[in-house]
Structures are given as C-alpha cells and as structure tokens.
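Subject: Structure for you to look at

Hello,

Here is the structure I promised to pass on. Please open it alongside this note, and my findings follow below.

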Amino acid sequence: MGKTLIAAVSIMVAGMTLIFFIHSSYNRFAIVTANNGQTYEVDKQSGRTWLIDGKKKIPVEDIDAPRPILEESEMSAEELSKISAEARLSKGTLLGKIYNGTDIPLTRVILTVTAKEPDGTVRWTRDFTDGTFVKPMTTGHFNISVTDGDDLGEVTWTVTKAFTRPLTNKSIEGR
C-alpha cells in the first residue's frame, strides 16, 4: 500500500510539472496593440519586444531609450474636409465614430457641439477635444463626457479642427 501511494504521488507530481512547463512555453508570448495601432509581440520571460509589420517581426532594440516627442500639427482645410464624424449624445456622453479619409494619421480632433432644447432654442455650444489615433482611410471611435446633456432636443456637431503628428516605426507610443 505504501509503495502504491508513493508511486501515485510521484506520477501526479511529474504530471503537474509537465503541465506547468507545457503551459509556460505556450503562454510565453503576448500580443499587444499600442495606442498608435501598431501590434507588438512581447516575450514575457525575457522582455524582448518585436514590432509585427505584416508578415515581418522587427525587433525593438531598447524601448526605454529616450525618443524625441514629435510636435502635433494642425491639418489643412483640405485635409479637414476629408474627415467626417457621426455622433450621438447618450446619458451624458457624446459617443461617435470618426472617419479619417486623409493619407496621414489623425491624433486629435476638436468638435464643436450645439445642444438645443426640445423647443429648438440653443441651450449651449461648446468645443470638445478628444485625443484619438485613427490610421489613414480608417474609422476610429470616441467618447466624450458632457455635462448638462439631459433632456435635450436636437444635438449637432462639426469637426472644427484636426491634428496629426509624424510617426516612427520603432516607438510603442507613436512618438
């Protein structure tokens, strides 16, 4: 009976050890998407990082190295005309989608929102800004908290300004 118990415990310990090592090797890498929309593979054990660009994996040498912060610039009127937004006000939050029809990334927008009473009189007009990253020719989402947004009639909005900044391929933060 004692030998059987020792054999059973030994088999269980060996099996659990094997399961642990198999799980560790299959769960070693994480795929993460950064704020700028780029995808990275991270080795959880060593900390090494690779940028996934199509079918290529580009090693990121030193993600802690200082990088220059690239200045944000305002888009021209022509580029601004290629940006469109759809939004709705729901429970104090302006929810919407924004389409970037330009060939440069969109990093921030300023929306001018006008809220009207149910009788049609203007309750308020405000500018809201939202930092978002939208790749060229794609759609992104935004949500902006709004005060005094209850019991409104019609709500209209326009994209009054849009901003961009150049990107580098080596930066996780897009700077």
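Leucine 94 touches Ala87, Arg88, Leu89, Leu111, Val113, Phe142, Asn143, Ile144 and Val146, leaving aside residues up to four places away in sequence; contact here means heavy atoms within 4.5 Å. Before going on, please note that this is a predicted model, in which local features need pLDDT of at least 70, side-chain atom pairs count only at pLDDT 80 or more, and totals for chains, interfaces and linings use all residues. Residues are numbered from 1 along each chain as its sequence is written, and side-chain values use heavy atoms, with hydrogens and water left out.

Leu94 is also one of the residues that touch the most other members of the largest nonpolar core, together with Ile98, Leu106 and Leu111; this core has 21 residues. A nonpolar core is a set of buried Ala, Val, Leu, Ile, Met, Phe, Trp, Tyr and Cys residues joined through side-chain atoms within 4.5 Å. Buried means under 20% relative accessible area, exposed over 50%, and partly exposed in between (1.4 Å probe, protein chains only). Two or more residues come from each of β6 (83-90), β7 (93-100), β8, β9, β10 and β11 (155-164), and β8 gives the most, with 5 residues. Strands (E, at least two residues) and helices (H or I, at least four) are DSSP runs, numbered from the N terminus. As background, nonpolar side chains in soluble globular proteins tend to be buried together.

Threonine 114 sits in strand β8 (residues 106-116) and counts as buried, at 17% relative accessibility. Its side chain makes a polar contact of 3.3 Å with the side chain of threonine 125. Such a contact is a pair of N or O atoms within 3.5 Å; within protein, one must be able to donate a hydrogen and the other to accept it, and residues adjacent in sequence count only if both atoms are side-chain atoms. Beyond residues up to four places away in sequence, threonine 114 touches Val122, Trp124, Thr125, Glu154, Val155 and Thr156.

Methionine 137 is in the loop between β9 (122-134) and β10 (138-145). Its phi is near 60°, a positive value in a residue other than glycine.

**Salt bridges**

How many salt bridges does the structure hold? There are 3, each a side-chain nitrogen of Lys or Arg within 4 Å of a carboxyl oxygen of Asp or Glu.

- Lysine 57 pairs with glutamate 41, with the closest N and O atoms 2.5 Å apart. Lysine 57 is in strand β4 (residues 56-60) and glutamate 41 in strand β2 (residues 39-43), so the pair ties together parts that are 16 residues apart in sequence. Lysine 57 is partly exposed at 48% relative accessibility, whereas glutamate 41 is buried at 13%.
- Glutamate 72 and arginine 108 meet at 3.0 Å, N to O. Glutamate 72 lies in the loop between β4 and β5 (73-74) and arginine 108 in strand β8, so this pair ties together parts that are 36 residues apart in sequence.
- Glutamate 117 and arginine 123 meet at 2.8 Å, N to O. Glutamate 117 is partly exposed, at 24% relative accessibility, and arginine 123 is partly exposed, at 24%.

**Helix α1**

Valine 9 is found in helix α1 (residues 2-26) and is partly exposed, with a relative accessible area of 41%.

Best wishes
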